[in-house]
Each structure stands twice: as C-alpha cells, then as structure tokens.
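Me: I've got a protein model open and I'd like to go through it with you. Can we take it one question at a time?

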Amino acid sequence: MGDAGMDAPPAGSVQQDSFFSMTDVFLISLITGLFTYWFFFRKKKEEIPELPKIQTLPPSPRDSSFIEKMKKTGRNIVVFYGSQTGTAEEFANRLSKDAHRYGLRGMAADPEEYDLSDLSRLSEIDKSLAVFCMATYGEGDPTDNAQDFYDWLQEADTDLSGLRFAVFGLGNKTYEHFNAMGKYVDKRLEELGAQRIFELGLGDDDGNLEEDFITWREQFWPAVCEHFGVEATGEESSIRQYELVVHTDVNMNKVYTGEMGRLKSYENQKPPFDAKNPFLAVVTENRKLNEGGERHLMHLELDISNSKIRYESGDHVAVYPANDSSLVNQIGEILGTDLDTIMSLNNLDEESNKKHPFPCPTSYRTALTYYLDITNPPRTNVLYELAQYATDSSEQERLRKMASSSAEGKALYLSWVVEARRNILAILQDMPSLRPPIDHLCELLPRLQARYYSIASSSKVHPNAIHICAVTVEYETKTGRLNKGVATNWLKSKVPNENGSNSLVPMYVRKSQFRLPFKPSTPVIMIGPGTGIAPFIGFIQERAWLKQQGKEVGETVLYYGCRHEREDYLYRQELARFQQEGVLTQLNVAFSRDQAEKVYVQHLLKKNKENIWKLLHDGNAHIYVCGDARNMARDVQNTFYEIVAEYGNMSQSQATDYVKKLMTKGRYSLDVWS
C-alpha cells in the first residue's frame, strides 16, 4: 500500500499561485470544521442527563449452592451421585428416602448441578452428612456428571475438617481399575480433613451389586444413628415421591412423545447434540455380517450430515433404544390400563430440581416405550414398594422377604429374580394378585439408558457417517421365557427406507481415551475378537487414509477371533483388502471352534511372542484391546505379562509393573465391557 503512488507524476510548479490559494481555503475550511465538531461534541457530552444510580441489591445465594437449598428445605443429609447408567442415582434416591426413618431429611443431588466447594460449609447444618454414591466408568474414569467434581477434588486445598461423609462405590471386578472413583473420593476427602463416619462400600456389578448395596446400607444407618445419637422412628414405609395428574383436555403439541430433553426437539433439531439433546440419524445401511450360525451380527451406518457432530476413531456412539411394543402392550393389558392416557408425575417436593421422573406430560405408552427400563430384573426397593398391592398374603410375604436384608430373603431374590432374569412383566405374570397402579409402577421403574457402541469407522474417511458393529442379544431364561436385548433387537429392526420412510436412531457421540498414537509411524497391536473388532476397523481405515496422504505409517497388526471361519468372520473382505494394500501388515485370526481344541487370540499372541516383544520394546508399539472384560481382556493381559517376563528377563512382578506402566503412559489401552 505504501508503494501505491510511486508511478504518479511529480507535482511541479505549474499554476503555483492558484495552488497556494486553494491550500489556504482548504486549511481554513479544515480548521473551521474541526472547531465546529469539537464545539458540538463538547456540548453533546455536557447535555447527557445524569441518570439516577440504580440501587444494587446484595447478590442472592447461588442457585448452585446445595447448602442454601438444604437450609431452605430443612435437609441435613445430601447424597451425591456419579452415575452413567442410572444405578448410582437410584441408590442415592433410596438412601435419601431412608433418612426419614431416623428423624433426618435427605436429598439426592447431581454434583454437576452444584458447587461442590460448598462442602466446607456443610457443618453449618446440624447433624449434617454428605454421602457419595460414585460409579466408575470405563478404565477408572469418573462418570460424565462427576467429571467436574473429580477435577475439583484433584486441585482442591480446601479444609474439609467439619465435613462428615461416607462413600459407596459402584464398580465391576472384571475391570482393571475396580471402583477407582469410589476409592479416590473416599481417600481424597479424608486427605482434605473430612471425617469418615462409615467404611467405604465397594459394589461389584460382576457379582450382585444389589446385595452389596443392601449389605452396606444395613450397616451404614446404625453407624449414622450412633454418630448423631438418633434412633429409627419405625419400620420402613412406602412414601410416594410423585403425584399423578391425568390430563383430560391437553394440547397434544405440549405432550412428550419420546424426546429426551426439549419438547419437539426431534421435530426441530438444533446442535450441539448430547445426552439431553440427541441427533436423529438416518440409518443408511443395515446388513448382516455373518454368513451362518444362530446369532445375528450386523453392520449399521448412521448418516450425521449437517449435524455438526465430530468424532475421532475410538470414540463411542450412544443410542437411545425403544422397548418392544409387545412387552409394553402386555403390561398395559395385565394392569387393565389405557396406555394412551396423557398424564404427568409431579414431584411432591416442590424444591427438587427433578420435577418429574421422566419428561411430562406424556402417555403411559410413551413412558413404557422410551423412558422406563422394563426388561431388567427390578431391584429390591421396587419389590418392597409393590408388595402392598399384592392381595394374596403369600405373594405379599414373598415380595417383602425378597426385599429384606435377611440371608433367606437375599438368597430368594438372587434365585427367583436375578438368576431367573425375571423382568417386571414376568413378575406380574407369576404373581396374579399383584396389580399395582400403573402410575406408581412408572414412578418406581428406573430410566431406560442409552447404549454405547465403539464406532467402527474413521471420520477421516467417513466424515458424515458413523458405523456400528453389534450382535443381537437373545436367550432363554430359567423360566422358559425368551428375553431379548433392548437395543440390539431394536437396531436390527432399523431397515433403511422401509415403506418409503426413514429409519431414525437418536444418538450422540461420547469422547474416548481410546486413541491412535500421535505419530502415524508408531506401530500398533490391536486385539479384538468378535464385535471387539469395531474400533479397529476405524483405526485401519485411518491408517490407510494417512498412508494415502503420503505419511509414513508404522506396522499395523491385528489379532482377531471368531467361532467359525465360514460363519462369523466379520469384515473378512475389508480386512483382506487392507492387507493386500499393505496397510494391515499382519492379520492373525483365531477360529475358536473350527478344531477340537479351542484357539483364542491369546494363543496366537503366545505363538508370535518374539515379534510382539520386538514391536513393543524396540518399536515402542501401542497395544489396544477391545471386547469382553471378564475373560478375554484378562487372559490377553496375562499373556503380555508372560511375554514381557520371558523376553525382558524380568520376574513376574517386574513384568506386571512394566505392563502397568505401559497403561499409565497410554501405550496399553482398553475398551472393554462385561
């Protein structure tokens, strides 16, 4: 810009007299203009009226202060929950309801909604106690709603010496970091000076989580009584949390029809999309992957065009399924209810943040289809509340016994409900005198939760689609009933463009730590039998894409396993193509049932142990394991202990430490389920 006038002719002395006279006029005009502007601007400023000062009111207590809420509502026990699937929230609600039996008042609270630094002020309330029901998600991670609380605990240097607390953790022993979140909260609160009034409870979902909770709870309350010098006021009694309102004349545009959050959000979709605002993705492909066998393994593709949803290889897609309409109809029939009745369940506690147990107003049909879990065996608190409606004394006694903490009751609940996999419909069918009001049943049943699947695609290759690999769950129970997995059977029915209408799936993406190495040249060893192959299809797609971009891509090694080569070898053609293109440098497949002696992925790892050690030790390879946590992941980990011990000349404990350090450094990643 500074050189723009270089080619202009020089201003000579032509018409010099005229030039000076024009300059004089210009300068006089400029001075006059500036003076006028200054005069009016100054006057304008002076003429601005002085507004009266607004009286500032002292700030009201934060809405996020649970202390102020407890004081206002006369509560002295707060039960926080870190919940991913709703169970910890359910336990928190049960504990808060228990409090009234001891002359105390409790409230369940989502840590995401409150400022947890207020814990230091809880001692302002007489006989106050904070209880934490904390689930562990994934590989020792906090649940989504407890992430901020976890971050605060890590950084906090607050003095919590006036705080009394207790923790119950929810975990699964098949996972490497069993109950990590519960253990951390318990330890960290003590470090900050808080007083533990009862020992840490560790619930194991691989065993009997309900029994673990009941056992802890029946010892927890006596400890609370002893600490505060209070006594139980009487037997457990049924207290309704919600009241029923039936809408006879309602605008149907104000009625929820399955939305998770905002009314009409499925008709008027607005990003960002998350658990409370899922995106309705169109199913563009749904094909069967296996060529034989009794099971149905499938590959689905969801269109996320124009959603602004972004994902990385290794992330999870959450889908909100719907219950089987035949189960819903049978519940309606057995209870003699018009399922299309429009109703609301309104919280009797007007101060509660949770106004309804699910979006209201809605119909019973919608609630039982989209909002409530009707397929899992009900927990003991549901049986206790339902018992009052059994007109047959023996059935009522049976229900109360199963809900009790006696050894006989626990054994009966385990065999008759849990092991027999009796859902609420089966219980109603097997107890003819039990006919509860449907509104109370809807209040008691837990929420139907989203199901998570490892994404089987790379956004580099499929930016507008998310792929899912899943197997339908179907089994016969001890009572001879056929139980079906809610989500997988619902997904199976999602046929693209059936009858000219789109098959839609409410979904959102949950970020994961299961990530490819930052450097494409780093070797990767992937172990994923069955549907555990899902994230590795995305990984291999991404490595192929990187190679096409001219990047140096390290060795890409896959250990895959299935039952029969000719039946359930998933993505066979795709894997063969990747191997042919040189992207997949090693493909090792274990067919477990094609010979007399079963062969699994860990057997192939042992067979190639020298190559494994070379990749691991010399190549700094990253290891990824996806699939069954209970057996496969544990056996694979034990195999790596053996390989490291043998080729690294280490003792068993040294080899274990070596592998654990790989995990800490992010070089051994797990995406497993049980």
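Me: What volume does the largest cavity have?
Reply: Keep in mind that this is a predicted model. Rolling a probe the size of a water molecule over the atoms shows where empty space is left. The structure holds one cavity of 30 Å³ or more. The volume of the largest cavity comes out at about 40 Å³.

Me: Which helix gives the largest share of the lining of the largest cavity?
Reply: The lining is made up of Asn208, Glu210, Glu211, Ile214, Thr380, Met402, Ser404, Lys410 and Tyr413. Two elements give two or more residues to it, helix H6 (209–228) and helix H11 (407–419). The largest share is three residues, and the helix they come from is H6.

Me: Between which domains does the largest cavity lie?
Reply: Look at which domains the lining residues belong to. Both domain 1 (66–228) and domain 3 (322–449) give residues to the lining, so the cavity lies between domain 1 and domain 3.

Me: At what angle do helix H19 and helix H20 pack?
Reply: Two packed helices are described by the angle between their axes and the distance between the axes. H19 covers residues 629–647 and H20 covers residues 652–664, and their axes are 8 Å apart. Their crossing is right-handed. The angle is about 120°.

Me: How many residues in the contact of H19 with H20 are charged?
Reply: H19 brings Gln637, Phe640, Tyr641, Val644 and Ala645, while H20 brings Gln652, Ala655, Thr656, Tyr658, Val659, Lys660 and Met663. Eight residues of this contact are nonpolar and three are polar. Lys counts as charged, and the number of charged residues is one.

Me: Which residue does a cis peptide bond join to Cys360?
Reply: Omega for this bond is about 0°.

Me: Where is Lys308, with its positive phi of about 65°, found?
Reply: Lys308 has that positive phi although it is not a glycine. For its place, look to the loop between strand E10 (297–303) and strand E11 (316–319).

Terms used
Residues numbered from 1 in each chain as written. Predicted model: local features only at pLDDT ≥ 70, side-chain atom pairs only at ≥ 80, totals over all residues. Heavy atoms only, no water. Axes fitted to C-alpha atoms, helices over the stretch in contact; angles between N-to-C directions. Helix = DSSP H or I, 4+ residues; strand = E, 2+ residues; numbered from the N terminus. Left-handed = near helix turned anticlockwise from the far one by under 90°. Contact = heavy atoms within 4.5 Å. 1 Å grid on protein atoms, 1.4 Å probe; cavity = no way out; pocket = protein on both sides within 12 Å on 5 of 7 lines; lining within 4 Å. Points joined across faces, edges and corners; volume = space filled by probe spheres on them. Domains from an automatic or database assignment.
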